[in-house]
Amino acid sequence: MCYPTPQELGLAARALADEHPGEVRLRQAGTSRGGQPLWVLSVAAFAAAAVAAAPRGAGRNVLVVAGAHANEPVGGATALSLARRLLHDPAPRAGCDWHFLLCADPDGADLHRTPRPYSLLDYHRSFFRPPGPEQPEWAPSLLPPDRLPPETLALTALIDELRPVLQVSLHATDLGGSWVQLTRDIPGLAEPFAKSAAELRIPVENGASDAAGWPSPGPGIFVIPQPGSEAAGAFHPEDTRLSTWYHAHRYAGTTAIVEVPMWASDLVDDPAPHPDPRGALRMLAERLTTDSALVAGVRALIGPGPAPYEDPAAAPLLRAVDWTLALIPRVTVEWTGAEAPAEATAAYIASIDAFGRRLSLRAAAMLLRVLRAQGHPAAPGLDRLVTGWCEEFAARFGARWVPVATQVEHQSRTVLAAYERLVAAGRPERPR
């Protein structure tokens with residue numbers, strides 16, 4: 001099993017809709033900046049004709065969003081797998097329609113192509129992750145409303161239309177473990193999540209750097225702090241609460257962000273206390289500063305100003321490189337500041353270690369793609385750097401590949417468990 005392209009997702013979804021015309025429909029929810037369709041596949045609780053005739057917002061809806069990050073391709077495969085599973089097991093469809101945005105950023109996905117990566121180096125050879133303002137879910141937290149990309153507008157319009165009781169965003173990490181972020185707690189989710197991870201030999205990321213200081217009702221489950229909370233934030237320039245994850249809250253919905261690793265590491269599942277967290281963070285900050293300076297030095301060879309962006313093939317890669325390099329000093333300040341934790345688990349320090357490695361590595365990998373295309377003389381040297389960093393990353397964390405089918409199975413189980421537990425717990429009344 002390999003990762004499908006946006007085009008393959010559309011073809012597979014069309015075939016599924018043709019095979020089950022009374023239960024499944026495929027429609028276009030918008031168009032990307034590059035002119036690609038944004039497909040939504042729906043598996044209805046009732047016959048398609050009845051769904052079409054129902055008043056807007058009637059019944060219960062679940063919205064599953066795949067492909068919000070271009071370098072995290074497993075979500076589309078999970079969406080199709082879930083749709084097929086719902087057709088064979090109608091229990092979760094009782095009174096509920098399920099809707100799958102198959103790829104929220106098809107343009108980005110086309111720029112990141114690793115259908116069957118065999119190593120971290122193979123994964124980074126064609127790496128692409130757009131800067132925050134160009135990511136559909138993050139854009140509202142970084143841009144004014146009149147500058148939002150069409151992918152974001154299509155997603156928010158879909159949320160407004162469906163008013164989902166549950167929105168699930170399918171994400172992945174290159175190396176680490178699995179974890180879930182929630183905009184509201186879903187009581188009881190930790191147990192089936194942990195059971196699935198154990199059965200599939202996927203480590204649970206107990207100290208995810210993305211969720212530093214957040215309330216955790218169970219291992220690997222993190223609830224995004226409410227406004228005004230003193231809980232430490234993750235190392236991001238955006239305000240998570242302005243993202244599309246929170247757009248569902250205006251309809252009393254809850255969002256779950258389900259992360260699964262491509263390569264697993266048991267280091268992120270170690271709850272033992274770290275002997276010197278602040279010392280470790282200082283060391284990691286120094287390494288990240290040094291590594292990013294190497295990348296920045298090569299980036300300077302292309303030249304400043306708008307000229308490098310005039311090449312349409314290089315521009316999206318260079319924007320992403322520059323955005324990542326600009327983010328790194330803010331990260332190192334967080335790691336070495338007065339609020340750096342005096343106590344932390346080994347899992348947390350390992351997660352920070354991985355986060356820092358991937359920042360400089362991603363910037364270098366995207367820059368290498370530009371240099372190679374230009375036949376730049378600095379390309380061989382940067383290639384050796386990227387190769388070395390990938391090998392060190394894999395060796396340090398004892399990386400082991402998680403088959404795509406296993407990634408899909410764990411995400412699917414977690415999505416269904418989140419819905420079942422949310423319904424069992426009840427939910428806030430929907431605003432009228």
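A crossing of two helices is left-handed if the near helix is turned anticlockwise from the far one by less than a right angle, and right-handed if clockwise. In this structure, the crossing of helix 8 and helix 11 is left-handed. This is a predicted model, in which local features need pLDDT of at least 70 and side-chain atom pairs count only at pLDDT 80 or more, while totals for chains, interfaces and linings use all residues. Residues are numbered from 1 along each chain as its sequence is written, and side-chain values use heavy atoms, with hydrogens and water left out.

**Helix packing**

- Helices (H or I, at least four residues) and strands (E, at least two) are DSSP runs, numbered from the N terminus.
- Axes are lines fitted to C-alpha atoms, for helices over the stretch in contact, and angles run from 0 to 180 degrees between N-to-C directions.
- The axes of helix 8 (residues 277-299) and helix 11 (residues 379-397) cross at roughly 155° and come within 11 Å.
- That makes helix 8 roughly antiparallel to helix 11 (angles over 145 degrees count as roughly antiparallel, under 35 as roughly parallel, 65 to 115 as roughly perpendicular and the rest as oblique).
- Contact (heavy atoms within 4.5 Å) is made by Asp291, Leu294, Val295 and Val298 of helix 8 and Leu382, Leu385 and Trp389 of helix 11.
- Helix 1 (residues 6-19) and helix 3 (residues 74-88) have axes that come within 11 Å and cross at roughly 10°.
- Helix 1 and helix 3 are therefore roughly parallel to each other.
- Residues in the contact of helix 1 with helix 3 include Leu9 and Leu16 of helix 1 and Leu80 and Arg84 of helix 3.

**Salt bridges**

- A salt bridge is a side-chain nitrogen of Lys or Arg within 4 Å of a carboxyl oxygen of Asp or Glu, and the count by this rule comes to 19.
- Glu72 pairs with Arg129 in a salt bridge, with the closest N and O atoms 3.1 Å apart.
- Glu72 and Arg129 are buried (buried means under 20% relative accessible area, exposed over 50%, partly exposed in between, with a 1.4 Å probe and protein chains only).
- Arg358 and Asp174 form a salt bridge at 2.8 Å, N to O.
- Arg358 lies in helix 10 (residues 346-374) and Asp174 in strand 5 (residues 166-176), 184 residues apart.
- Both Arg358 and Asp174 are buried.
- Asp353 and Arg287 form a salt bridge, their closest N and O atoms being 2.7 Å apart.
- Asp353 is in helix 10 and Arg287 in helix 8, so this pair ties together parts that are 66 residues apart in sequence.
- Asp353 is buried, with a relative accessible area of 5%, whereas Arg287 is partly exposed, at 21%.
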